[in-house]
Amino acid sequence: MKEELVRLLNKQIGVALTCDHWTSCAVEGYVTVTAHFVDDEFYYHNCVLETRQTTERHTGMNIAQDLKVVISEFGIEKEGVTALVSDNASNMVACMEHMGGIMHIRCFGHTLQLSIRGAFDDIPSISGTIVAGRKLVSYFRRSVVANNELKVRQKQMHLTEHSLVLDCPTRWNSTFDMFERLIEQRLSVYAVVHNMKSPGDARILDLTDSHWTIIEGMIPVLKPLYMATRIMCSEEYPTISGLDPILYSLKNHHLLVKDTDCVSVATFKEKLLADIHRRYSLNDDKILSSLTMLATFLDPRYKNLPFLSDEQRETVKANVLSGVNALQIPNDYQNNPSQIDASTSASPTVSADADGIEPCLKYAKMSQDEVSFLLGPYFNTEECEIIVPTSSSEELALYMTVKPIGTNKNPFDWWRLNKTVYPTLAVLARHVLSVPATSVPSERVFSVAGGTVTKLRASLDSDSVDKLIFLNKSIRDKNVQQEKAVQESAATALVKQEPVK
(Lines give C-alpha, C1' and ligand atoms only; values in the text may rest on other atoms or scores of the structure.)
Protein backbone atom coordinates (compact mmCIF):
# COMPACT_ATOMS: atom_id res chain seq x y z
CA MET A 1 0.00 0.00 0.00
CA LYS A 2 2.91 2.34 0.61
CA GLU A 3 4.33 1.63 -2.86
CA GLU A 4 0.90 2.33 -4.36
CA LEU A 5 0.74 5.66 -2.52
CA VAL A 6 4.25 6.59 -3.69
CA ARG A 7 3.25 5.97 -7.32
CA LEU A 8 0.13 8.08 -6.84
CA LEU A 9 2.04 10.97 -5.24
CA ASN A 10 4.59 11.03 -8.06
CA LYS A 11 1.84 11.75 -10.61
CA GLN A 12 0.53 14.85 -8.84
CA ILE A 13 1.17 18.47 -9.78
CA GLY A 14 1.40 19.61 -6.18
CA VAL A 15 1.18 18.05 -2.72
CA ALA A 16 0.37 19.92 0.50
CA LEU A 17 1.64 18.64 3.83
CA THR A 18 0.55 18.99 7.45
CA CYS A 19 2.47 17.92 10.51
CA ASP A 20 2.05 17.94 14.26
CA HIS A 21 3.62 16.35 17.33
CA TRP A 22 1.97 14.18 19.97
CA THR A 23 2.97 12.04 22.94
CA SER A 24 1.79 8.46 23.50
CA CYS A 25 0.68 6.99 26.82
CA ALA A 26 4.15 5.43 27.01
CA VAL A 27 5.55 9.01 27.04
CA GLU A 28 7.12 8.58 23.60
CA GLY A 29 7.16 11.52 21.21
CA TYR A 30 5.92 11.19 17.61
CA VAL A 31 5.50 13.47 14.63
CA THR A 32 2.76 12.68 12.10
CA VAL A 33 2.95 13.94 8.52
CA THR A 34 -0.07 13.91 6.20
CA ALA A 35 -0.30 14.64 2.46
CA HIS A 36 -3.15 16.29 0.55
CA PHE A 37 -3.60 16.59 -3.20
CA VAL A 38 -6.23 16.93 -5.91
CA ASP A 39 -5.92 14.35 -8.71
CA ASP A 40 -6.64 15.13 -12.36
CA GLU A 41 -10.27 14.11 -11.87
CA PHE A 42 -10.57 16.66 -9.07
CA TYR A 43 -10.99 14.14 -6.29
CA TYR A 44 -9.46 15.29 -3.03
CA HIS A 45 -7.08 12.84 -1.33
CA ASN A 46 -6.00 12.92 2.32
CA CYS A 47 -3.19 10.50 3.17
CA VAL A 48 -1.14 9.67 6.24
CA LEU A 49 2.49 9.46 5.16
CA GLU A 50 4.39 8.58 8.27
CA THR A 51 4.31 8.64 12.06
CA ARG A 52 7.92 8.93 13.19
CA GLN A 53 9.20 8.61 16.71
CA THR A 54 11.17 11.66 17.81
CA THR A 55 13.87 11.03 20.39
CA GLU A 56 15.65 14.36 20.07
CA ARG A 57 14.53 17.80 21.18
CA HIS A 58 11.81 19.36 19.02
CA THR A 59 14.00 22.11 17.64
CA GLY A 60 13.31 23.67 14.27
CA MET A 61 16.36 22.00 12.71
CA ASN A 62 15.44 18.52 14.01
CA ILE A 63 11.84 18.85 12.82
CA ALA A 64 13.02 19.99 9.39
CA GLN A 65 15.35 16.99 9.18
CA ASP A 66 12.47 14.60 9.98
CA LEU A 67 10.25 16.25 7.36
CA LYS A 68 12.96 16.03 4.70
CA VAL A 69 13.39 12.31 5.39
CA VAL A 70 9.64 11.70 5.01
CA ILE A 71 9.44 13.76 1.81
CA SER A 72 12.38 11.88 0.33
CA GLU A 73 11.06 8.48 1.42
CA PHE A 74 7.79 9.05 -0.47
CA GLY A 75 9.52 10.38 -3.57
CA ILE A 76 8.08 13.88 -3.32
CA GLU A 77 10.19 16.57 -4.94
CA LYS A 78 10.74 19.65 -2.81
CA GLU A 79 9.44 21.78 -5.70
CA GLY A 80 6.28 19.66 -5.68
CA VAL A 81 5.35 20.65 -2.11
CA THR A 82 2.73 23.39 -2.42
CA ALA A 83 2.78 24.34 1.27
CA LEU A 84 3.26 22.98 4.76
CA VAL A 85 0.48 23.61 7.30
CA SER A 86 1.30 23.58 11.01
CA ASP A 87 0.51 25.38 14.23
CA ASN A 88 2.09 28.66 15.32
CA ALA A 89 4.72 27.12 17.62
CA SER A 90 8.09 28.86 17.48
CA ASN A 91 9.88 25.61 16.63
CA MET A 92 7.65 25.15 13.56
CA VAL A 93 8.37 28.72 12.47
CA ALA A 94 12.09 28.02 12.88
CA CYS A 95 11.67 24.71 11.04
CA MET A 96 10.48 26.49 7.90
CA GLU A 97 13.76 28.42 7.73
CA HIS A 98 15.48 25.08 7.10
CA MET A 99 12.95 23.73 4.57
CA GLY A 100 14.38 25.46 1.54
CA GLY A 101 11.68 27.95 0.66
CA ILE A 102 8.59 25.76 1.14
CA MET A 103 5.58 27.97 1.89
CA HIS A 104 4.35 27.89 5.49
CA ILE A 105 0.62 28.17 6.20
CA ARG A 106 -0.25 28.67 9.84
CA CYS A 107 -3.22 26.64 11.04
CA PHE A 108 -6.38 28.76 11.03
CA GLY A 109 -7.84 26.91 14.01
CA HIS A 110 -4.72 27.36 16.12
CA THR A 111 -4.39 31.01 15.13
CA LEU A 112 -8.03 31.67 16.02
CA GLN A 113 -7.49 29.90 19.35
CA LEU A 114 -4.59 32.21 20.18
CA SER A 115 -6.52 35.33 19.17
CA ILE A 116 -9.70 34.48 21.04
CA ARG A 117 -8.00 33.21 24.20
CA GLY A 118 -5.78 36.28 24.18
CA ALA A 119 -8.83 38.54 24.02
CA PHE A 120 -10.49 36.54 26.82
CA ASP A 121 -7.47 36.97 29.07
CA ASP A 122 -7.10 40.69 28.34
CA ILE A 123 -10.64 41.51 29.53
CA PRO A 124 -11.04 40.75 33.27
CA SER A 125 -14.85 40.84 33.17
CA ILE A 126 -14.96 38.14 30.47
CA SER A 127 -12.24 35.96 31.98
CA GLY A 128 -14.01 36.30 35.34
CA THR A 129 -17.29 35.23 33.76
CA ILE A 130 -15.62 32.16 32.24
CA VAL A 131 -14.13 31.20 35.61
CA ALA A 132 -17.49 31.69 37.36
CA GLY A 133 -19.28 29.59 34.73
CA ARG A 134 -16.63 26.89 35.01
CA LYS A 135 -17.04 26.71 38.80
CA LEU A 136 -20.81 26.48 38.50
CA VAL A 137 -20.70 23.70 35.90
CA SER A 138 -18.04 21.82 37.89
CA TYR A 139 -20.32 21.90 40.93
CA PHE A 140 -23.10 20.18 39.01
CA ARG A 141 -20.69 17.66 37.49
CA ARG A 142 -19.29 16.50 40.82
CA SER A 143 -22.48 16.67 42.89
CA VAL A 144 -24.90 13.78 42.35
CA VAL A 145 -27.57 15.53 44.42
CA ALA A 146 -27.36 18.75 42.40
CA ASN A 147 -27.31 16.90 39.09
CA ASN A 148 -30.39 14.84 39.99
CA GLU A 149 -32.17 17.99 41.15
CA LEU A 150 -31.30 19.64 37.83
CA LYS A 151 -33.01 16.81 35.93
CA VAL A 152 -36.11 17.16 38.09
CA ARG A 153 -36.28 20.91 37.45
CA GLN A 154 -35.80 20.39 33.71
CA LYS A 155 -38.82 18.08 33.62
CA GLN A 156 -40.92 20.48 35.69
CA MET A 157 -40.05 23.41 33.41
CA HIS A 158 -40.36 21.36 30.19
CA LEU A 159 -36.75 22.10 29.25
CA THR A 160 -34.55 19.82 27.20
CA GLU A 161 -32.81 17.39 29.51
CA HIS A 162 -29.26 18.37 28.64
CA SER A 163 -26.23 18.15 30.91
CA LEU A 164 -24.17 21.28 31.46
CA VAL A 165 -20.97 21.59 29.39
CA LEU A 166 -17.59 22.26 31.01
CA ASP A 167 -15.17 24.25 28.90
CA CYS A 168 -11.58 23.26 28.19
CA PRO A 169 -8.91 26.01 28.39
CA THR A 170 -7.15 24.71 25.25
CA ARG A 171 -10.34 24.75 23.15
CA TRP A 172 -12.08 28.13 22.99
CA ASN A 173 -15.11 26.65 21.20
CA SER A 174 -15.85 24.63 24.34
CA THR A 175 -16.38 27.99 26.08
CA PHE A 176 -19.03 28.82 23.49
CA ASP A 177 -20.66 25.42 24.17
CA MET A 178 -20.62 26.13 27.91
CA PHE A 179 -22.16 29.59 27.47
CA GLU A 180 -24.86 28.31 25.12
CA ARG A 181 -25.86 25.49 27.45
CA LEU A 182 -25.95 27.78 30.47
CA ILE A 183 -28.35 30.14 28.67
CA GLU A 184 -30.51 27.19 27.64
CA GLN A 185 -30.67 25.86 31.21
CA ARG A 186 -30.61 29.19 33.04
CA LEU A 187 -34.00 28.76 34.75
CA SER A 188 -33.37 25.20 35.88
CA VAL A 189 -29.88 26.09 37.17
CA TYR A 190 -31.28 29.08 39.07
CA ALA A 191 -33.97 26.91 40.62
CA VAL A 192 -31.43 24.34 41.85
CA VAL A 193 -28.88 26.72 43.35
CA HIS A 194 -31.63 28.65 45.17
CA ASN A 195 -33.31 25.54 46.49
CA MET A 196 -33.11 25.39 50.28
CA LYS A 197 -32.27 21.67 50.07
CA SER A 198 -29.10 22.37 48.15
CA PRO A 199 -25.75 22.47 49.98
CA GLY A 200 -24.95 25.78 51.64
CA ASP A 201 -22.24 26.81 49.15
CA ALA A 202 -24.52 26.44 46.11
CA ARG A 203 -25.77 30.02 46.15
CA ILE A 204 -22.20 31.30 46.23
CA LEU A 205 -21.73 29.67 42.82
CA ASP A 206 -24.74 31.44 41.32
CA LEU A 207 -23.83 33.76 38.44
CA THR A 208 -24.51 37.48 38.91
CA ASP A 209 -26.62 39.60 36.55
CA SER A 210 -23.45 41.06 35.01
CA HIS A 211 -22.19 37.53 34.31
CA TRP A 212 -25.43 36.59 32.55
CA THR A 213 -25.34 39.84 30.54
CA ILE A 214 -21.83 39.05 29.29
CA ILE A 215 -22.77 35.44 28.47
CA GLU A 216 -25.82 36.56 26.49
CA GLY A 217 -23.75 39.16 24.64
CA MET A 218 -20.86 36.82 23.86
CA ILE A 219 -22.92 34.02 22.27
CA PRO A 220 -23.80 35.91 19.03
CA VAL A 221 -20.16 37.07 18.79
CA LEU A 222 -18.66 33.61 19.25
CA LYS A 223 -21.21 31.83 17.04
CA PRO A 224 -19.73 32.87 13.65
CA LEU A 225 -16.24 32.06 14.96
CA TYR A 226 -17.50 28.65 16.04
CA MET A 227 -19.06 28.06 12.62
CA ALA A 228 -15.90 29.20 10.85
CA THR A 229 -13.85 26.65 12.78
CA ARG A 230 -16.22 23.84 11.80
CA ILE A 231 -16.16 24.84 8.12
CA MET A 232 -12.37 25.03 7.98
CA CYS A 233 -11.87 21.52 9.40
CA SER A 234 -13.46 19.66 6.49
CA GLU A 235 -11.60 17.05 4.46
CA GLU A 236 -14.22 16.79 1.72
CA TYR A 237 -13.87 20.16 -0.01
CA PRO A 238 -11.27 22.97 -0.26
CA THR A 239 -10.81 24.98 2.92
CA ILE A 240 -7.88 27.28 2.14
CA SER A 241 -10.12 29.14 -0.34
CA GLY A 242 -12.57 30.02 2.43
CA LEU A 243 -9.97 31.66 4.65
CA ASP A 244 -10.06 35.18 3.18
CA PRO A 245 -13.87 35.32 2.69
CA ILE A 246 -14.35 34.33 6.32
CA LEU A 247 -11.76 36.80 7.61
CA TYR A 248 -13.28 39.70 5.66
CA SER A 249 -16.79 38.70 6.75
CA LEU A 250 -15.63 38.78 10.36
CA LYS A 251 -13.93 42.13 9.81
CA ASN A 252 -16.73 43.87 7.92
CA HIS A 253 -19.76 42.35 9.59
CA HIS A 254 -19.59 40.05 12.60
CA LEU A 255 -16.95 41.89 14.66
CA LEU A 256 -18.27 45.40 14.14
CA VAL A 257 -19.22 47.04 17.42
CA LYS A 258 -22.97 47.63 17.79
CA ASP A 259 -24.83 50.11 19.98
CA THR A 260 -26.48 47.21 21.81
CA ASP A 261 -23.14 45.65 22.84
CA CYS A 262 -22.17 45.96 26.48
CA VAL A 263 -18.74 47.39 27.26
CA SER A 264 -17.09 43.99 27.73
CA VAL A 265 -18.44 42.57 24.46
CA ALA A 266 -17.49 45.71 22.51
CA THR A 267 -13.97 45.60 23.93
CA PHE A 268 -13.68 41.91 23.05
CA LYS A 269 -14.64 42.62 19.42
CA GLU A 270 -12.09 45.42 19.15
CA LYS A 271 -9.25 43.39 20.66
CA LEU A 272 -10.03 40.28 18.62
CA LEU A 273 -10.28 42.21 15.35
CA ALA A 274 -7.00 44.01 16.06
CA ASP A 275 -5.25 40.70 16.70
CA ILE A 276 -6.68 39.15 13.51
CA HIS A 277 -5.45 42.18 11.56
CA ARG A 278 -2.00 41.74 13.06
CA ARG A 279 -1.79 38.01 12.32
CA TYR A 280 -3.25 38.08 8.79
CA SER A 281 -2.27 41.60 7.59
CA LEU A 282 -5.71 42.21 6.05
CA ASN A 283 -4.82 45.82 5.16
CA ASP A 284 -1.52 44.86 3.47
CA ASP A 285 -1.54 44.61 -0.32
CA LYS A 286 0.72 41.55 -0.05
CA ILE A 287 -2.39 39.55 0.76
CA LEU A 288 -3.52 40.04 -2.87
CA SER A 289 -0.66 37.84 -4.10
CA SER A 290 -0.93 35.25 -1.34
CA LEU A 291 -1.75 31.61 -1.95
CA THR A 292 -4.95 32.01 0.07
CA MET A 293 -6.23 34.78 -2.22
CA LEU A 294 -5.36 32.79 -5.37
CA ALA A 295 -7.25 29.83 -3.92
CA THR A 296 -10.23 32.08 -3.13
CA PHE A 297 -10.33 33.32 -6.73
CA LEU A 298 -10.12 29.77 -8.11
CA ASP A 299 -12.97 28.62 -5.90
CA PRO A 300 -16.14 29.09 -8.01
CA ARG A 301 -18.07 29.98 -4.86
CA TYR A 302 -15.97 33.05 -4.06
CA LYS A 303 -14.38 34.07 -7.39
CA ASN A 304 -16.14 37.47 -7.54
CA LEU A 305 -14.09 38.62 -4.52
CA PRO A 306 -16.84 41.06 -3.43
CA PHE A 307 -14.93 42.04 -0.29
CA LEU A 308 -12.18 43.70 -2.40
CA SER A 309 -12.16 46.93 -4.40
CA ASP A 310 -12.22 46.90 -8.22
CA GLU A 311 -8.53 47.77 -8.32
CA GLN A 312 -7.66 44.98 -5.90
CA ARG A 313 -9.66 42.46 -7.96
CA GLU A 314 -7.69 43.38 -11.08
CA THR A 315 -4.47 42.86 -9.13
CA VAL A 316 -5.62 39.40 -8.07
CA LYS A 317 -6.48 38.51 -11.68
CA ALA A 318 -3.03 39.60 -12.81
CA ASN A 319 -1.48 37.47 -10.07
CA VAL A 320 -3.54 34.47 -11.21
CA LEU A 321 -2.24 34.85 -14.77
CA SER A 322 1.29 35.10 -13.41
CA GLY A 323 0.68 31.96 -11.39
CA VAL A 324 -0.55 30.10 -14.47
CA ASN A 325 2.52 31.13 -16.43
CA ALA A 326 4.90 30.25 -13.60
CA LEU A 327 3.38 26.82 -12.94
CA GLN A 328 4.92 23.99 -14.93
CA ILE A 329 1.94 22.32 -16.61
CA PRO A 330 2.57 18.83 -18.04
CA ASN A 331 2.40 18.80 -21.82
CA ASP A 332 0.12 15.78 -21.94
CA TYR A 333 -2.38 17.59 -19.71
CA GLN A 334 -2.26 20.72 -21.86
CA ASN A 335 -2.78 18.74 -25.05
CA ASN A 336 -5.54 16.52 -23.72
CA PRO A 337 -6.83 17.63 -20.31
CA SER A 338 -9.71 15.17 -20.49
CA GLN A 339 -7.37 12.17 -20.60
CA ILE A 340 -7.49 10.49 -17.21
CA ASP A 341 -5.17 7.86 -15.80
CA ALA A 342 -7.38 5.33 -14.06
CA SER A 343 -4.75 4.66 -11.42
CA THR A 344 -4.93 8.29 -10.21
CA SER A 345 -8.68 8.35 -9.82
CA ALA A 346 -9.62 6.20 -6.88
CA SER A 347 -13.07 7.69 -6.34
CA PRO A 348 -16.15 7.06 -8.51
CA THR A 349 -18.02 9.67 -10.48
CA VAL A 350 -20.69 11.36 -8.39
CA SER A 351 -24.19 12.21 -9.44
CA ALA A 352 -25.01 15.89 -9.89
CA ASP A 353 -28.08 17.89 -9.00
CA ALA A 354 -30.07 20.16 -11.28
CA ASP A 355 -27.28 22.73 -11.35
CA GLY A 356 -24.71 20.12 -12.27
CA ILE A 357 -22.97 20.25 -8.91
CA GLU A 358 -23.38 17.81 -6.05
CA PRO A 359 -24.02 19.45 -2.64
CA CYS A 360 -21.06 19.07 -0.34
CA LEU A 361 -21.54 16.14 2.05
CA LYS A 362 -19.96 17.90 5.02
CA TYR A 363 -22.56 20.67 4.79
CA ALA A 364 -25.20 18.18 5.91
CA LYS A 365 -24.46 19.25 9.49
CA MET A 366 -24.56 22.93 8.60
CA SER A 367 -27.52 24.38 6.72
CA GLN A 368 -27.27 26.79 3.80
CA ASP A 369 -28.78 29.50 6.00
CA GLU A 370 -25.93 29.10 8.50
CA VAL A 371 -23.26 29.32 5.80
CA SER A 372 -24.93 32.38 4.31
CA PHE A 373 -25.09 33.93 7.78
CA LEU A 374 -21.35 33.42 8.29
CA LEU A 375 -20.26 34.78 4.90
CA GLY A 376 -22.73 37.66 4.94
CA PRO A 377 -24.32 39.37 1.92
CA TYR A 378 -21.23 39.08 -0.29
CA PHE A 379 -21.92 36.01 -2.36
CA ASN A 380 -24.95 36.63 -4.56
CA THR A 381 -24.95 35.18 -8.09
CA GLU A 382 -25.88 36.79 -11.38
CA GLU A 383 -26.35 35.38 -14.87
CA CYS A 384 -23.68 36.54 -17.34
CA GLU A 385 -22.90 36.09 -21.00
CA ILE A 386 -20.49 33.23 -21.82
CA ILE A 387 -17.70 33.36 -24.39
CA VAL A 388 -15.40 30.66 -25.80
CA PRO A 389 -11.79 30.88 -24.53
CA THR A 390 -8.77 30.44 -26.79
CA SER A 391 -5.97 31.57 -24.41
CA SER A 392 -5.18 31.81 -20.72
CA SER A 393 -6.38 35.42 -20.57
CA GLU A 394 -9.64 34.49 -22.30
CA GLU A 395 -9.99 31.52 -19.96
CA LEU A 396 -9.79 33.98 -17.10
CA ALA A 397 -12.33 36.29 -18.76
CA LEU A 398 -14.75 33.40 -19.30
CA TYR A 399 -14.27 32.18 -15.75
CA MET A 400 -15.29 35.61 -14.47
CA THR A 401 -18.47 35.73 -16.57
CA VAL A 402 -19.86 32.43 -15.32
CA LYS A 403 -22.09 32.84 -12.27
CA PRO A 404 -20.65 31.63 -8.94
CA ILE A 405 -22.02 28.42 -7.49
CA GLY A 406 -23.80 28.31 -4.15
CA THR A 407 -21.84 28.20 -0.93
CA ASN A 408 -23.38 24.79 -0.16
CA LYS A 409 -21.83 23.21 -3.28
CA ASN A 410 -18.50 21.42 -3.56
CA PRO A 411 -16.05 23.32 -5.83
CA PHE A 412 -14.26 20.07 -6.72
CA ASP A 413 -17.44 18.84 -8.40
CA TRP A 414 -17.66 22.07 -10.42
CA TRP A 415 -14.05 21.80 -11.56
CA ARG A 416 -14.55 18.13 -12.43
CA LEU A 417 -17.27 19.16 -14.88
CA ASN A 418 -15.44 22.23 -16.25
CA LYS A 419 -11.74 21.28 -16.28
CA THR A 420 -11.73 20.85 -20.05
CA VAL A 421 -13.16 24.36 -20.53
CA TYR A 422 -10.43 25.94 -18.36
CA PRO A 423 -7.43 23.59 -18.79
CA THR A 424 -4.73 25.94 -17.49
CA LEU A 425 -6.79 27.41 -14.66
CA ALA A 426 -7.77 23.87 -13.68
CA VAL A 427 -4.14 22.92 -13.18
CA LEU A 428 -3.52 25.97 -10.97
CA ALA A 429 -6.73 25.17 -9.07
CA ARG A 430 -5.48 21.64 -8.38
CA HIS A 431 -2.23 23.12 -7.16
CA VAL A 432 -3.60 25.65 -4.65
CA LEU A 433 -6.92 24.12 -3.58
CA SER A 434 -5.14 21.05 -2.23
CA VAL A 435 -3.81 23.02 0.75
CA PRO A 436 -5.85 22.55 3.96
CA ALA A 437 -6.46 25.65 6.07
CA THR A 438 -5.72 23.83 9.33
CA SER A 439 -3.43 21.14 10.68
CA VAL A 440 -6.48 19.21 11.86
CA PRO A 441 -5.72 16.22 9.56
CA SER A 442 -2.55 15.55 11.57
CA GLU A 443 -4.37 16.06 14.85
CA ARG A 444 -7.11 13.62 13.82
CA VAL A 445 -4.44 10.95 13.52
CA PHE A 446 -3.86 11.35 17.27
CA SER A 447 -7.33 9.93 17.88
CA VAL A 448 -6.41 6.84 15.87
CA ALA A 449 -3.07 6.67 17.65
CA GLY A 450 -4.80 6.87 21.02
CA GLY A 451 -6.73 3.72 20.16
CA THR A 452 -3.56 2.04 18.91
CA VAL A 453 -1.03 2.84 21.62
CA THR A 454 -3.12 2.04 24.69
CA LYS A 455 -1.91 1.14 28.17
CA LEU A 456 -2.24 -2.54 27.29
CA ARG A 457 -0.18 -2.01 24.11
CA ALA A 458 2.33 0.51 25.40
CA SER A 459 5.26 -1.72 24.40
CA LEU A 460 4.57 -1.40 20.68
CA ASP A 461 7.73 -0.33 18.90
CA SER A 462 7.62 2.86 16.86
CA ASP A 463 7.82 1.03 13.51
CA SER A 464 4.68 -0.97 14.35
CA VAL A 465 2.88 2.19 15.46
CA ASP A 466 3.74 3.85 12.15
CA LYS A 467 2.51 0.89 10.08
CA LEU A 468 -0.68 0.40 12.07
CA ILE A 469 -1.68 4.07 11.76
CA PHE A 470 -0.79 4.14 8.05
CA LEU A 471 -2.83 0.99 7.33
CA ASN A 472 -5.74 2.20 9.43
CA LYS A 473 -6.11 5.34 7.29
CA SER A 474 -5.34 3.63 3.96
CA ILE A 475 -7.72 0.70 4.44
CA ARG A 476 -10.52 2.95 5.70
CA ASP A 477 -10.18 5.17 2.63
CA LYS A 478 -10.13 2.16 0.33
CA ASN A 479 -13.30 0.75 1.91
CA VAL A 480 -15.06 4.10 1.55
CA GLN A 481 -14.08 4.27 -2.12
CA GLN A 482 -15.39 0.77 -2.73
CA GLU A 483 -18.68 1.61 -1.01
CA LYS A 484 -19.04 4.72 -3.17
CA ALA A 485 -18.32 2.66 -6.28
CA VAL A 486 -21.06 0.16 -5.37
CA GLN A 487 -23.54 2.96 -4.65
CA GLU A 488 -22.71 4.70 -7.92
CA SER A 489 -23.09 1.43 -9.84
CA ALA A 490 -26.46 0.82 -8.21
CA ALA A 491 -27.62 4.37 -8.96
CA THR A 492 -26.52 4.11 -12.60
CA ALA A 493 -28.25 0.76 -13.02
CA LEU A 494 -31.43 2.18 -11.48
CA VAL A 495 -31.46 5.06 -13.94
CA LYS A 496 -30.91 2.73 -16.86
CA GLN A 497 -33.31 0.20 -15.33
CA GLU A 498 -30.69 -2.47 -15.73
CA PRO A 499 -29.78 -5.13 -13.15
CA VAL A 500 -26.60 -4.53 -11.15
CA LYS A 501 -23.92 -7.06 -12.03
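## Terms and basis

Two strands pair if DSSP finds at least two bridges between them. Helices (H or I, at least four residues) and strands (E, at least two) are DSSP runs, numbered from the N terminus.

The model is predicted: local features need pLDDT of at least 70, side-chain atom pairs count only at pLDDT 80 or more, and totals for chains, interfaces and linings use all residues. Residues are numbered from 1 along each chain as its sequence is written, and side-chain values use heavy atoms, with hydrogens and water left out.

## Overall composition

The protein chain has 20 helices and five strands. Of its 501 residues, 50% are buried, where buried means under 20% relative accessible area, exposed over 50% and partly exposed in between (1.4 Å probe, protein chains only).

The protein chain exposes about 24,000 Å², of which carbon and sulfur atoms supply 51%; accessible areas come from the Shrake-Rupley method with a 1.4 Å probe, and for residues only the protein chains shown count as cover. A contact means heavy atoms within 4.5 Å. Among contacts between residues at least 6 apart in sequence, 72% join residues at least 24 apart.

## Strands

Strand 1 (residues 15–23) is largely enclosed by the rest of the structure, because eight of its nine residues are buried. Strand 1 runs antiparallel to strand 2 (residues 29–38), with eight bridges between them. Across this pairing, Cys-19 stands opposite Val-33 and Asp-20 has Thr-32 as its bridge partner. The two strands form a hairpin with five residues between them, and Val-27 in the turn has a positive phi of about 55°. Strand 1 also pairs with strand 4 (residues 81–86), in the parallel sense over three bridges; there Thr-18 has Val-85 as its bridge partner.

Nine bridges join strand 2 to strand 3 (residues 44–53) in the antiparallel sense, and Ala-35 has Cys-47 as its bridge partner in strand 3. Strands 2 and 3 form a hairpin as well, with five residues between them; Phe-42 in its turn has a positive phi of about 60°.

## Helix 5

Helix 5 (residues 124–142) has 19 residues, which at 1.5 Å a residue should span 27 Å; its end C-alpha atoms are 27 Å apart, which agrees. The expected span is 1.5 Å times one less than the number of residues.

Buried residues in helix 5 include Ile-126, Ile-130, Leu-136 and Phe-140. The buried residues of helix 5 pack against several helices, among them helix 4 (108–122), helix 6 (144–156) and helix 11 (263–280).

## Aromatic side chains

Rings of Phe, Tyr and Trp (its six-membered ring) pair if their centres lie within 6.5 Å; planes under 30 degrees apart count as stacked, over 60 as edge-to-face and the rest as tilted. The count comes to 14 aromatic pairs. Phe-176 and Tyr-226 have ring centres 4.7 Å apart and planes at 35°, so the pair is tilted. Phe-176 lies in helix 7 (residues 172–184) and Tyr-226 in helix 9 (residues 209–231), 50 residues apart.

Tyr-399 and Tyr-422 form an edge-to-face pair, 5.8 Å centre to centre with 80° between the planes. Both are buried. One aromatic cluster is formed by Phe-42, Phe-297, Tyr-399, Trp-414, Trp-415 and Tyr-422.
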